[in-house]
Every structure is written in C-alpha cells, then in structure tokens.
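Here is a short tour for anyone who likes to check the definitions along with the values. Please have a look at the model first.

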Amino acid sequence: MIARIKRFKTSIMLQLTVSFFVIILLILSLAMGLIYNRVLDIVKVNMEKSTVQALNQTEAGIMQFRDEVEKVSRGIIINSDLQHLMENYGTMTQVERIEHIRPILEHLSQILGNYSFLHSIYIFIEDGQIIEVTNGKATISDNILFQENPVYQKTKLAFPKLVWFGGQSKDEYAVQRSGEDKDQIPNLVTAARGIKSLNVKPQAGTLLLNIRQESIATIFNQLVDSEKSRIYMEEVGGAIIAGDQTEMLGRKTDYFSNIPEDKSYGSFTVKEKDGPVQVIYKKIGQTGWTMVKEIPFEEFVSVTRSIRFIIAIIFGVSLILSLLLFVYWVRRLTSPVQELAAVMRGVERGCFDVRIQSPANNEFGLLGRQFNRMSQSIEDLLQQNQEIAQQKMKQEMIALQAHINPHFLYNTLNTIKSMSIMAQNHSITETVTALGLLLQGIFRNSSAFCSLREEMDFVQTYVKIMNIRYGEQLKLQLTIPDEMLNAPILRFLFQPLIENAVMHGFDGQNDMQIMIGGRFVDVGMELWVRNNGIPLNREVMEWINNTLRNEMFDQERGAYADNYRIGVGLRNVNQRIRLNYGADYGLWLESGEDGETTAIIRVGSVQNS
C-alpha cells in the first residue's frame, strides 16, 4: 500500500489521470445536474401553461353557470305574485299573505325541480317571515335573526346586484327542522340578491338560491389528473367554496396571501411536509373567485424519470470515453518524460553513460537532448577530475589536514561556480556568486560594527539567495533615509529577522513583501522589518514580547502553551543589542490592523555601548 502511494506521488501519468478524472467528474456532474434542473423547469412551465389553458376553458363554463343562476334569480324576483306580495305586504292580513304566498311556493317548487343544481330557495321578508322551498317541501316560518346574518348585510349593501357566498349550509339560517341530521346538510354556495317592488323603493326582502357545491366542482373536477393533485375554488378572503375534496370546504388556504393582486393567473412553489408543491391559480373574471390547482413535485419527477435514466447513461458513457481518450493521450505525451525519468534514475545511481534514444521533436525532445549533453559533460568532467585528483593527491591530503580558511572556501565556491557554468545551471551560478559576496562581508572585517549601508548591502545579498530558493517571491523594499546610512550599527541584526519572517509568514503561494525602514529617535535609532505574510497569533506575539523583555531564554521557561519556542535568531539579536547598548534597548514585535507583522529594534549610539 505504501509503495502504491509513493508510486502515485512520483508518477505524472497517474497524477494527471486521477486529476482529470476528478475534474471531468465534477464538470459532468454539474452539467448533468444543470440539464436535469432545466428539464424539470421546462416540465413545470409546460405544466403551468397546459393547466392555465385548461382553467381558461373551465372559466367559460363557470361564467355560463353564474349567468344561468343570474337568469333564475331575475325570473324569481319579477314574478308577478312575488311583486304583488312585496308591494302590499304591509297592508295584508296574515290570511291574505298566506293566500298570496301559496302560488309563489308553487312557482319556486317548479324552479327547484327544473334546476338540479339548486338545493333550496329562501325568500326572507323584512318582518322576519321566511318562504322556504327545499327537498320537495314548501314551508312558511319566522326567523327574525336573519337580519343579523352577514349574508343579509352584504346583500343589502350590494343591492340590486347578485352576491355570491361560499361555504354556507342550511344551518346557517337557523331554520333546521327537528329530525333533520345536521351532518347530512350539504355544503352550499349561496347566490343572494335583494327584492323590492317596482313601485316601492326600500328593499322589501332577500332572495337566497342555495346551490350544491358539487354542481360547481363538476365543472373543473375533470382537471384532476392524479390522486395527489388537488383543485378547488376560492372566494375573496381565501375560503374554499368548491372542490374535489369536501373536507377542505369552508377552510382558508395557506396560499391565498401568495397570489398577487395584479395578476390574473400564474404559479408559485411552496414547501409542504411531504415535499414541494407547485400551486397554479387562475382568477375568474371580476367575480372574486380563483381556481387553484396543487401539483406535488413528485408528479414532475415521475414525468422526468425516463429523462433521468437517459442523462445517467449519457453521463456514464461520456465519463468512460473521456477517461479512455485522456489515458491514451497522456500515455503518448508523457512517454518521453517517463524515459527521461528512467535515465535520470540511472544517473542518480552513478551511471553517467546512459542516454535518451531518439528524442522527439518537441519540448520533451529538447529536454532529452539537453540531458544527453549534460550527462556527457558530467562524464567528461568526472574523467578530468579523476586525472586531476591523481596528480594532486598529495596536495589534497595536506590540505585536508589543515584548517579551513576563507581563501580555501572562496576557491571551493569558484570551483562550484565553474562547474555550474559548464553544466549551464544558472541558478547554482547565481547562488554561489551571492554566497561568495555574503561570506566576503563576513570575513572581510572582524569588527562587531559596520555602517547601516553595509548592513543593507548584506541584507540585499541574503534576500537574493533566498529568492533563488523561493522563485523571486520575496520582494524587498528599503525605505531608510539617506542620512541614516552612514550610522554605525551591530553587524548581522537583520538577517535573523528576515529569516524568521520567511519561516513563519511565507505561505509559498503569494509574494511576500519585506519592508525595512528606520528613523532617528531621542535615544538613538529605531529600525523595523515589516512583512505582509501570515499574521502571527496575537497571544503568541504578546508571549514573545514578554519573554524577550524578561530574558526568559531557557528551554523550560521559554516555551509557549502550544509548543511555540523563540528561535535562536530572535534571542541572539535581542541579547546582542542589550549587551552592546544597555537594558533600555532591544527587540519587540507588533501587529498592524491590516495583519502585517513588524519586528522593531531600538539601538543607541556606539558611545553608549
């Protein structure tokens, strides 16, 4: 298992294949998901269009039904016997009233028999007397409470228009007979209008036509195409007056507030405990009625089941074909790299006579030819070095017995530099050159002090070496005033601070800005090294400052709770400053509001040392 993991980490082909597989899997999954959601949206839109179209056709039937009820109500109120009764009701005796009501009852019974959608007909006279025709029975009774009923109040205000009321029952008017089962009284939709004589201005009575709600529901019930779909009619206020499920009648829906007042039709989605539901609505003209159809989302899912199956097949085939094609091309493109890696492993084992056979005519081929020249140069150089080694064996043995001195170190660096030039390795050449300049500054002067200008030259050389390692990601900015550059300062104060900033603040991804500045203060100079890398934890920073201030440098006392320890560099810088300038000087850290970390050193004049 470990060998497989190592092989994966070192195999470009495996890494590319797995990376491509993950990327193409994500892309295909996203694409197929978007396609499926788009198809589902199209199905929902088409369902809405077809449902609204069916509701439009149903609207004509409902309007025709309302016109029929309007026609019946007009025929009743213009009946000559009813008009005579309304005109002379106040002057008639009780016997005369009964004589005049008898033909009215016969007329109403005939109308009730001719129209099956009518359940009952009531005429409420202003003095509280009721003319009732229902279930083949014609009766006269008294009910003075009707004038307190909201039906009476709204009808009187709307006179002479026909007013519709939903969710009513016979029991609403307190005329239930003894022996009647209240549960058997059907749900009704009531059409009411005021009655007055042609010669008398005040309203003399109220006509109520009680309509069986199923007569209205049958007009649109054919639009129910599944057991889980529901369709019903709402009146103003959201109460259901007709529908395919009688237990819903009279209840107010939760969706009424979601229907915009300025739209005659449309749809919206609501979340129920059993899943999302699409609600499609259509307002019926200026009647105040709204037809509503609820369609569970699982209905759309069942419609798109075959589409999901096709999408899954396309997804699988596309993924397999893409992977096969990619593996083929990766194998073809990386074969030169694999050959180069094989011969390089041979060189790593010391076989410098290996060569790449027939390099390709592309960038990989160029690498192969360069490798052949490099391995040939190394082989020639080794032969030359072997000859030189034999000739200078005696001198080298003497040199090995001596102490290393700067002159020998410079020669060694020059030899490495020459070898890197021969091998055309510019990075090694630049590194060795910079290291030589760095060492030259170290060995040239044994004094503990140098000018700030020399220290900045040393810093620039050090950052140059660091940039060879980090690929020019470290950006150095010097903002020290010119009048400070000739001031004396301890050698090598800045190098540990820069190294510490890179070690703890550089993330390896983004460029890191290192800014060095300074100023004169009353007690000497303040110099700082600021970086925009990863911010230092504030608690850790406070602990470091307290430790530096109290000189807690031993391993037992100098460890933070999360195993953070002050490095040798920070400790040495702080100790050297205090030893040379006094206890009032030293090093501390600060953090800016923008997350930058700043190391500040305060030094005095050389005379104070």
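The UniProt record, an unreviewed entry, places the feature "transmembrane region" at residues 12–36 and 309–330; such positions follow the numbering used here, feature names are shortened, and annotations may be inferred rather than shown by experiment. Over residues 309–330 the chain is 100% helix and 0% strand, with 31 Å between the end C-alpha atoms. Helices (H or I, at least four residues) and strands (E, at least two) are DSSP runs, numbered from the N terminus.

This is a predicted model, in which local features need pLDDT of at least 70, side-chain atom pairs count only at pLDDT 80 or more, and totals for chains, interfaces and linings use all residues. Residues are numbered from 1 along each chain as its sequence is written, and side-chain values use heavy atoms, leaving out hydrogens and water.

Two residues make a handy pair to look at. Buried means under 20% relative accessible area, exposed over 50%, and partly exposed in between (1.4 Å probe, protein chains only).

What is Leu28 in contact with, leaving aside its neighbours within four places in sequence? Its partners are Phe315, Ser318 and Leu319, where contact means heavy atoms within 4.5 Å. The C-alpha atoms of Leu28 and Gly316 are 9.3 Å apart, although 288 residues separate the two along the chain.

Across the protein there are 16 helices and 18 strands, and buried residues make up 41% of its 609 residues.
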